[in-house]
Amino acid sequence: MPLLEVKDLCKDFGGLRAVSNFHLKMEKGEIVGLIGPNGAGKTTVFNLITGLIPPTSGSIIFQGENLVGLPPYKIAAKGVARTFQNIRLFKNMSVLDNVRAVLHVQNGYGLWQAALHGPRYAHKEEQALARARELLEVVNLASREQDPAGSLPYGDQRRLEIARALALEPKLLLLDEPAAGMNPREVASLIELIRFIKDKFQLTVLLIEHQMGLVMNLCERIVVMDFGEIIAEGTPREVSNNPLVLEAYLGKGAVVN
Amino acid sequence: MERLLEQIINGLQLGFVYALIALGYTMVYGIIKLINFAHGDVFMVGAFIGYFAYTFWGFSLFGAVLIAMVLCALLGILIERVAYRPLRYAPRIAALISALGVSLFLEYFSSLKFVFGPNFRVVQPPLKEIHWNLGGIPITNIQVIIVSVVILLLLVLQYLVYRTKIGTAMRAVSFDHDAARLMGINVDFIISFTFALGSALAAAGGVLYTLAYPQIYPFMGIMPGLKAFTAAVLGGIGIIPGAVLGSLIMGQVETLTAAYLTSQMRDAIAFLILIVVLLVRPSGILGRSDPEKV
Amino acid sequence: MVIPILRRPIVLGGLFGALYVVLKLLGLVGLINDYWQRVLDQALITTIGALGLSIIYGFAGQFSLGHAAFYGIGAYTAGVIGKVWGHGNLAYFLLALLAGVLMAGFIAFLLGIPILRLRSDYLGIATLGFGVIVRVAMENSNKLYPPLGGATGMTGIPQVANFDWIFWFAAGTLVLVCNLVTSSYGRAWLSIREDEIAADALGIDTTRYKILAFVLGCALAGLAGGLYAYRYPYLHPSSFDFLKSFDFLLIVVLGGLGSISGTVVTAIAWVFLLEGLRIVLGQAFVDWRGIIYALILIVTILLRPQGLFSGKEWRLLFPSLSQDRTLGKEGKHASFGG
Amino acid sequence: SGKTSQTSTGEKTIKIGFIAPLTGDVKTFGESAKNAFLLALEQAGMKAGDYKIEYVIADDRNDATEAVNVADKLISQDKVQAIVGSVTSRTTIPISEVANSKKVLLITPTATATKVTVDNKRKEFVFRACFLDPFQGKVAAQFARENLKAKTAAVLYDQGNDYSKGLAEAFKKSFEAGGGQVVAWESYSKDDQDFSAVLTNIAGKNPDILYLPDYYQKVSLIGKQARGKGIKAVFLGGDGWDSSELDFAAMEGGYFTNHYSPDDPRSEVQKWIQQYKAKYGTVPDALGTLAYDATNLLLNAIKTANSNDPVKIKEALQATKDFPGVTGKITFDANGDPVKPAHIIQIKGGKQVYVTTINP
Amino acid sequence: MLEVKDLEVFYGSIQALHGISFKVNEGEIVTLIGANGAGKSTTLRTISGLVRPRRGKILFRGTDISRVPAHTIVRMGVAHVPEGRKIFPNLTVLENLQMGAYTRSNKQEIEESLERVFKSFPRLKERVKQLAGTLSGGEQQMLAMGRSLMSKPSLLLLDEPSMGLSPILVEEIFEIIKNINREGTTVLLVEQNAFMALQIAHRAYVLETGKLVLEGAAKEVRDNPKVRSAYLGELSFAS
Ligand SMILES: Nc1ncnc2c1ncn2[C@@H]1O[C@H](COP(=O)(O)OP(=O)(O)OP(=O)(O)O)[C@@H](O)[C@H]1O
Ligand SMILES: Nc1ncnc2c1ncn2[C@@H]1O[C@H](COP(=O)(O)OP(=O)(O)OP(=O)(O)O)[C@@H](O)[C@H]1O
Ligand SMILES: [Mg+2]
Ligand SMILES: [Mg+2]
């Protein structure tokens, strides 16, 4: 059984069909790239999978269960985590609390424990703290755990978003332009990071990116969208030689280095 | 049947009076996203200035409206300068608290003996009320004036905001101050202008209000201000026709409740309807409720 | 591991115990007369109510302009029980307070479910509207049940809430609220305040947490109202109208959104300011009180737009807490309209 | 009582507190009362009997919570032995609770609610100078039935104001008991300025009388709008109408019950009007007049008891008989409420004209 | 044409620029590269007047503009396309462009500028009536640039114009920048995409945590081994 299977997914905004008959099958452990021109509908696909907007039609089967109609927090609890194209951190909370806010999902203690700071609270909080620090360590932000998230440099914010998503212990991680605004050097270290967390946490990754360096380097398989539809699909090599993709997206110069 | 018609007219009058205030409220909100709680109090100051102008300074009604508008525009600019501008980059709620402070200040300061004094004053506007009967429908000249002024203001404001250069600049400022600055827009000037305009509208509202309800006192702005703001929210705040629509609905609801249900429940029903409407249309009747794009 | 658990109760217990003893002693030697005692009690009651709004608005970011309505619901509920059945019996007093808390919380729950979907100013105006509805209901309450008094107000509530009760209820509330906001609940509330969509997408059941914050906060308003009813001999609808809601709002904002310490200090300072101005201005300038008050309000917010504590906390109350939870430069409200 | 007050010079003093709304939306009422209070003290030469008078003025902002605080302040901080105030029932009821429990004398000029002096039990230390809501309502109803021969009446009152509501209910009861019919029973709230909906309803019922028990500022607006709606009914109201700020044109022809009549030739009345005018430049209104009487009643009791002990003053006050106040000869009943006649005044030709006196 | 001297900028107590000096000559494309948070955007924001420097001078054609308000600087001929585009989403494409010409009053000249913008960005012409908020990312970037050209600037400040754009659009945008420059507009370009930026620029400066660490002709900078390892990355991507 595939981890994720999206079938005949459509989304209309008023008269505009932003996603049209989208389909995608992902096996456990894959890294798949989702690319396409601006406005192709990539982010919308993410929003549909995570339940932020309801699809017009179609189904999204995750571990054999249809996600359509579930509220976002339930989908997240089932193991689908994401980052956002325009960073959406909890800016005024500390770096540590950004991660811990999400951790609580697996960290249940009742209202009474919380109100009285009972033993179960203390125990669970200690676990949460340790876990959050571990995740910050992974993205190399441990030294800044007390700073407000909004005060971090841009690249660090992107990595904090990844740590926050990891706190959900997801099975599927959706990354929306994780390298945007990074210079090639930083992109390179991001590639390392994504590889590392994929192995360490046994993730399946679906990522959107315009920086071909990253996509071609990381992804085993690439799906190309244009005007809401899939126009090509295949290995990086296949895709980058596809004339449709060249014309619509990569350009004739196609510098993939 | 005839009574119903008369009640609807009553509701229209009340609605148009609310609209008079709501237009200024919604203008300011639309541009700076500030619930300017002091609006009702500028309205009060306008009513007082108008009263002094036609009772003691010998102005005509038109002259009184004009002078109240000019003085209140200056007052608006002053308030913006002192109480809101320093908070331009602070959280929005800070400006709201400042607005509450200004509102209290205007109310309490005006009730000092050497300012307006605490009295309720009966005023005699320089305009005799004339009653007409249009096929069984009773209408007064004051109603006609108020309705015409509201419609005129609606058109003028729509034109100003959507068809003129300064209006476009206002809309640009409402989106992002820095971006507007980079277009060469003097943001401080535009905001001052917006306040001046909003305050002038409040003043005009204040003077015309005394035609319909010939009594003034320093706390007179609170309730009409609140109702007008509610009406603006009902119609979709920041949207100029929405202010008028919301006001007309409020007017009808209040009047019909008082007339046919129970006068005790008038405010309760009006706000109940507001809540219900918001639950169905979370951004008001004409408000665009575009969900945040992720 | 045991030690940190015990350290907090000991520190806080000692702190409040010492404060209590000092205040009691001051009262005994006559340095606190009945007047200042009353003002102090009012300050503590206001603190309890303001802590409630702090949860709702300061932490969960839900703009409520109807807080005084719940304060009133608590007061009337608790008050009528004491008036009709309690007659000064302490067990009834405690029962009545509980009833006030539950009633305020229950109504908040019923209202919160539909209404908390609204955002920012729209939520504010809807809660304000609810406040008006409650006031009208209070004005006509005697038709439903004559002891409630309606527009004539309610008297006859036994005045058994003395300083001891009020102090320990306030201290208890403070500890409870501090504990909550440093737990996963507090973090969930903050994350909703910061970015509701992101919180939702990251597994936080935003609806549930918003309602929880609203119910808890309103329940605290109910508790404050209950204490008020047993300390102030007369309940009148006008004591719970929308202007009173603004009082709670400005306390929470001036204290600094998301700061418990700020809320406490501002609530107390606010009550003492209003009364203190009487003394400072004397009788020659009685009618300047409102003006000076307004000016202080404006000047304070101009000088400290992020609030007095701007999201910081006293270490004493929060032995283990990250220090900055200020609202940022950009206001948190969604923008709309054209 | 332990409340000894001896100044350093050995002179005997009594301290009197005064509470009224001196800020906020009904400040204007508080100002009238304060003027009258000060004038009465001044006329007495700041002395009552052997006692030199000191006074403390405090503001309650017409807020029930502040009223309690302020009562506590006057009693425990300023150590007053007696209080004059406050103006509205909303603040006077809580003040009366505090004063009575602390055994400090309270006399309110204008709070008309029954609960002020008696709430299940008589509050021994509390008195008032005005008559109660039920009495005025009853008098108005009696006048309407007997003198105006009215058969139908409409009542329009402020639902959030206990004064207005009290009068309205008393009027209805008596009017119906006297065989009349209340054909419309309508209300509004404090900040309403537009009454056209209810007035249209009332116009449809075509009543003989429109009873408007509220303060002058509200009835002025209502009166004007009522005539605009073509209501021909005779307006009738209570002491709240008595103010130079009433819209006389709008209320022309209306009658109201009042504590006194400016036409009354008695010297107390004429002296009061003349002296108030001389000092403050305006005609005193009902609130001021009652505050004047309240203060004088208190001073008289202090003089009679020649003591600053609230218990003794209380006894003297309770024993007051036929005190010649501006509002008539005042005697207190067992509840501390005055027994005195009501006067009916008509608005005629832009002036107040005395019509008749009705005894309780 | 532009000369920055010893610029120091603070956000509250945080110092973002530690005294930087550089020059842009008439007719050049100068690029400013550097890591995240180095202070590139801050430099541009200070030049265009959105941020007040604590110390230092900004000479534009010889006049110090470091204390001049932003809206006046626009009139002097400096246009700034900010990070994140900042187009007005609730205005139409045409209104956005007209906003760009806010400082100008000659109707006919504005009309001419509009034609020129449409020539550079034919796609905008197709969408004059559309609300700008509904444009795709690339179109929004074109609109932002077109809008800034409407003020007929002599100096154009561009902050990461390629951010978030598809590869084909990135190329197109850089092509357009070259054209704009060729037609006589001086350009100061801030970019993360250092490859491309260094390809079209004449000269370059490297900024590191608020200080300039390197300057020179674009080609030299590109070949500098330190720059290669710090900003260009020595990765060979599979293709
Ligand atoms: N909430 C919304 N309401 C209306 N239209 C929307 C909404 N969200 C997206 N769209 C439209 O749907 C289309 C696809 O947008 P989407 O954000 O998915 O593009 P994308 O492929 O992620 O592009 P980019 O690479 O620029 O991020 C666009 O035309 C966009 O304007
Ligand atoms: N409004 C602000 N308030 C406080 N600090 C700020 C603000 N804007 C920027 N900074 C800080 O100033 C420094 C320089 O920021 P700047 O945005 O100029 O960098 P940049 O080089 O443009 O980076 P990027 O590549 O992320 O756009 C950073 O450390 C940043 O955190
Ligand atoms: Mg996208
Ligand atoms: Mg930048």
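How many residues of domain 1 of chain E are in contact with how many residues of domain 2 of chain E? In this predicted model, 15 residues of domain 1 of chain E touch 14 residues of domain 2 of chain E. To see where these parts lie, note that domain 1 of chain E comprises residues 24-51 + 66-77 + 155-239, while domain 2 of chain E covers residues 84-152. The C-alpha centres of the two domains are separated by 22 Å.

The boundary between the domains may now be considered. About 1,200 Å² of area is buried between domain 1 of chain E and domain 2 of chain E, with carbon and sulfur atoms giving 65% of it. Two salt bridges are counted between these domains. Glu172(E) and Arg123(E) form a salt bridge in which the closest N and O atoms are 3.8 Å apart. On the side of domain 1 of chain E that touches domain 2 of chain E, at least two residues each are supplied by α2 (70-75), β7 (155-159) and α7 (167-182) of chain E. Of these, α7(E) gives the most, with six residues.

Ser41(E) belongs to helix α1 (residues 40-47) of chain E, and Glu83(E) to the loop between β6 (78-81) and α3 (93-100) of chain E, so the pair ties together parts that are 42 residues apart in sequence. Ser41(E) counts as buried because its relative accessibility is 14%, under the 20% limit. Glu83(E), by contrast, is partly exposed, at a relative accessible area of 34%.

Methods:
Residues numbered from 1 in each chain as written. Chains lettered and ligands numbered in written order. Predicted model: local features only at pLDDT ≥ 70, side-chain atom pairs only at ≥ 80, totals over all residues. Heavy atoms only, no water. Helix = DSSP H or I, 4+ residues; strand = E, 2+ residues; numbered from the N terminus. Buried < 20%, exposed > 50% of the residue type's maximum accessible area, 1.4 Å probe, protein only. Domains from an automatic or database assignment. Contact = heavy atoms within 4.5 Å. Buried area = accessible area lost by both parts, 1.4 Å probe. Salt bridge = Lys/Arg side-chain N within 4 Å of Asp/Glu carboxyl O.
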